[in-house]
Amino acid sequence: MEIPQIIKEAAREHGCNRVSYSGEIDGAQVFSIGCIDMNGLPIPTGLPEFLLLKDGEITIVSGYKGLDLHCKLKDLNDK
């Protein structure tokens with residue numbers, strides 16, 4: 001899936017240089033964000049962080065809520 005420009009910009013503003021589509025939940029597109037180093041390796045950042053896009057609005061989900069969202073997405077993808 002092509003990552004929307006608004007999501008790329010929001011990730012950059014949040015200090016992240018990696019974005020990937022994770023799925024859809026409750027009518028929102030979900031994008032995982034993070035950082036990679038100059039060798040393309042992931043930089044540990046802690047709990048998962050996501051950007052949700054719904055009706056042109058972006059919501060950042062992080063911390064334990066990010067972990068909960070990660071588990072919900074995993075459950076949906078395992079079905």
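Guide: Let us begin with pockets. On a 1 Å grid over the protein atoms alone, a pocket is an open set of points where a 1.4 Å probe fits, with protein on both sides within 12 Å along at least five of seven lines; lining residues have an atom within 4 Å of a point. Grid points are joined across faces, edges and corners, and a volume is the space filled by probe spheres set on the points. This is a predicted model, in which local features need pLDDT of at least 70 and side-chain atom pairs count only at pLDDT 80 or more, while totals for chains, interfaces and linings use all residues. Residues are numbered from 1 along each chain as its sequence is written, and side-chain values use heavy atoms, with hydrogens and water left out.

Visitor: What volume does the largest pocket have?

Guide: Its volume is about 230 Å³. The lining comprises 18 residues, and Arg-18, Ser-32, Pro-48, Phe-50 and His-70 lie nearest the centre. Two or more lining residues come from each of strand E1 (18–25), strand E2 (28–34), strand E3 (49–54) and helix H2 (63–78). Helices (H or I, at least four residues) and strands (E, at least two) are DSSP runs, numbered from the N terminus. The most is given by H2, with 4 residues.

Visitor: Which residues make up the largest nonpolar core?

Guide: A nonpolar core is a set of buried Ala, Val, Leu, Ile, Met, Phe, Trp, Tyr and Cys residues joined through side-chain atoms within 4.5 Å. Buried means under 20% relative accessible area, exposed over 50%, and partly exposed in between (1.4 Å probe, protein chains only). Here the largest core has 10 residues: Ile-3, Ile-7, Ala-10, Ala-11, Cys-16, Phe-31, Ile-33, Cys-35, Leu-51 and Leu-53. Helix H1 (5–13), E2 and E3 each give two or more residues to this core, and H1 gives the most, with 3. Apart from this core lies another, of 8 residues, among them Ala-28, Val-30, Phe-50 and Leu-73.

Visitor: Where does Asp-26 lie, and is this residue buried or exposed?

Guide: Asp-26 is placed in the loop between E1 and E2. It counts as exposed because its relative accessible area is 69%. Although Asp-26 is not a glycine, it has a positive phi of about 50 degrees.

Visitor: What is the phi of Asp-55?

Guide: Asp-55, also not a glycine, has a positive phi of about 55 degrees. Asp-55 is found in the loop between E3 and strand E4 (57–61), and its relative accessibility of 75% makes it exposed.
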